[in-house]
Amino acid sequence: MKFYFAPLEGVTGYIYRNAYNKFFGQEIDKYFTPFIVPTMNYCFTSKELNDIKPEHNKNMKVIPQILTKPGTVISSPTTEKLNEFGYDEINLNLGCPSGTVVSKFKGSGFLAKREELDMFLEEIFSRANCKISLKTRIGKDSPNEFYELIKIFNKYPLEELIIHPRIRQDFYKNTPNMEVFKDAIKLSKNPLVYNGDIFSVEDFKKFKSECPSIDTVMLGRGLMANPGLIGEIKEKSIVHKDTLRAFHDEIYARYKEVLSGDKNALYKMKEFWFYMIHSFEDSEKYAKRIRKSKSAAEYEGIIVSLFNELDIAGDNERGFSLIK
């Protein structure tokens with residue numbers, strides 16, 4: 001099996017990736033960056049540039065993800081800079097369900113513009129100087145849209161087609177549509193990667209029993225909630241609390257070093273704990289305290305108590321509230 005780390009906008013940037021790679025990275029075959037929005041006049045924002053610089057991504061296989069919309073092309077300066085940095089693959093985002101993204105027909109909003117999507121892919125592949133993979137949902141408004149979309153995807157030699165089997169309207173609620181994904185296995189001419197709701201060893205086993213031919217999965221929220229999940233899948237051993245503490249401390253220290261002021265670092269750590277709090281049993285009280293913390297000193301005191309007092313959660317307890 002191959003395991004990919006999905007991008008989460010604002011969360012899995014290079015600071016998080018480097019810390020994850022240090023403590024758990026032997027399990028990851030590819031990391032995908034939070035999306036980049038290329039422009040004709042200026043290739044990258046300073047945030048995007050920091051995230052893709054080679055010196056910020058050492059000893060990792062990192063794939064830049066691009067977010068675009070109908071009527072635009074990925075500019076030559078963008079791909080040339082990515083090539084210059086040593087990237088040989090880009091990933092196209094057709095999955096983001098955010099309202100501000102979809103309203104501009106970007107992300108999963110692009111799926112509603114099938115003719116324009118076909119033209120866009122034809123343009124990209126006519127002058128591609130790198131491998132191209134694609135991450136998609138199965139439709140914007142209806143799962144039935146997938147059967148027209150797959151005809152488009154099959155026209156192009158994708159490196160991989162990563163499918164999150166929900167429609168945009170689902171966001172991350174309801175359950176992945178496994179019937180459509182199984183149809184994708186039959187219909188796709190490109191290699192498939194599965195993405196969606198693998199939060200535990202049992203979730204992974206269930207997926208493999210349903211789709212034994214799929215040998216690559218992409219995990220996002222599941223790894224954020226339990227950074228040791230892939231190790232548990234492979235070795236059936238729960239990550240030690242000391243390792244989680246060291247992982248946390250590495251990220252926190254880097255945020256304090258890079259960001260301006262404790263307030264910004266604290267904001268980033270609250271995003272971090274939105275997910276990783278699910279690694280611990282009976283953590284609701286601590287989740288609330290972290291959300292309400294207003295200073296670095298207060299936050300650090302809460303974290304000391306959390307690691308001293310809480311136990312690691314069992315396999316079936318993790319990730320549950322992330323899909324409610």
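This is a predicted model: local features need pLDDT of at least 70, side-chain atom pairs count only at pLDDT 80 or more; totals for chains, interfaces and linings use all residues.
How many cavities of 30 Å³ or more does the count come to? The count is two.

**Stop 1: the largest cavity**

Select Gly10, Val11, Tyr16, Ile251, Tyr255, Lys268, Glu271 and Phe272, the residues that line the largest cavity. Sorted by class, the lining of the largest cavity holds five nonpolar residues, one polar and two charged.

**Stop 2: helix 11 against helix 12**

Keep both helices on screen by selecting residues 241-258 for helix 11 and residues 262-276 for helix 12. Their axes lie 9 Å apart, and the packing angle is about 150°. Because of that angle, helix 11 is roughly antiparallel to helix 12. The crossing of helix 11 with helix 12 is right-handed. To see the contact, show the side chains of Leu244, Phe247, His248, Ile251, Tyr252, Tyr255 and Lys256 on helix 11, and of Asp262, Ala265, Lys268, Met269, Phe272, Trp273 and Met276 on helix 12. Of the residues in this contact, 10 are nonpolar, one is polar and three are charged.

**Stop 3: helix 11 against helix 14**

On helix 11, pick Lys241, Leu244, Arg245, His248, Tyr252 and Lys256; on helix 14, pick Ala296, Tyr299, Glu300, Ile303, Val304, Phe307 and Asn308. This contact between helix 11 and helix 14 has seven nonpolar, two polar and four charged residues.

**Stop 4: the second largest cavity**

Move to Ile66, Thr68, Leu92, Asn93, Leu94, Phe110 and Phe120, which line the second largest cavity. About 30 Å³ of space lies inside the second largest cavity. Strand 5, residues 89-94, gives the most to its lining, with three residues. The lining of the second largest cavity has five nonpolar residues, two polar and no charged ones.

**Stop 5: the largest pocket**

Finish at the largest pocket, which holds about 730 Å³ of space. Centre the view on Pro7, Leu8, Pro97, Tyr172 and Arg221, the closest to its centre of the 33 lining residues. Elements that each supply at least two residues of this lining include strand 6 (131-139), helix 9 (221-225) and helix 12. The lining of the largest pocket divides into 18 nonpolar, 10 polar and five charged residues.

Note on methods. Residues are numbered from 1 along each chain as its sequence is written. Side-chain values use heavy atoms; hydrogens and water are left out. Axes are lines fitted to C-alpha atoms, for helices over the stretch in contact, and angles run from 0 to 180 degrees between N-to-C directions. Helices (H or I, at least four residues) and strands (E, at least two) are DSSP runs, numbered from the N terminus. Angles under 35 degrees count as roughly parallel, over 145 as roughly antiparallel, 65 to 115 as roughly perpendicular and the rest as oblique. A crossing is left-handed if the near helix is turned anticlockwise from the far one by less than a right angle, and right-handed if clockwise. Contact means heavy atoms within 4.5 Å. Ala, Val, Leu, Ile, Met, Phe, Trp, Tyr, Cys and Pro count as nonpolar, Asp, Glu, Lys and Arg as charged, and the others, Gly among them, as polar. On a 1 Å grid over the protein atoms alone, a cavity is a set of points where a 1.4 Å probe fits but cannot get out, and a pocket is an open set with protein on both sides within 12 Å along at least five of seven lines; lining residues have an atom within 4 Å of a point. Grid points are joined across faces, edges and corners, and a volume is the space filled by probe spheres set on the points.
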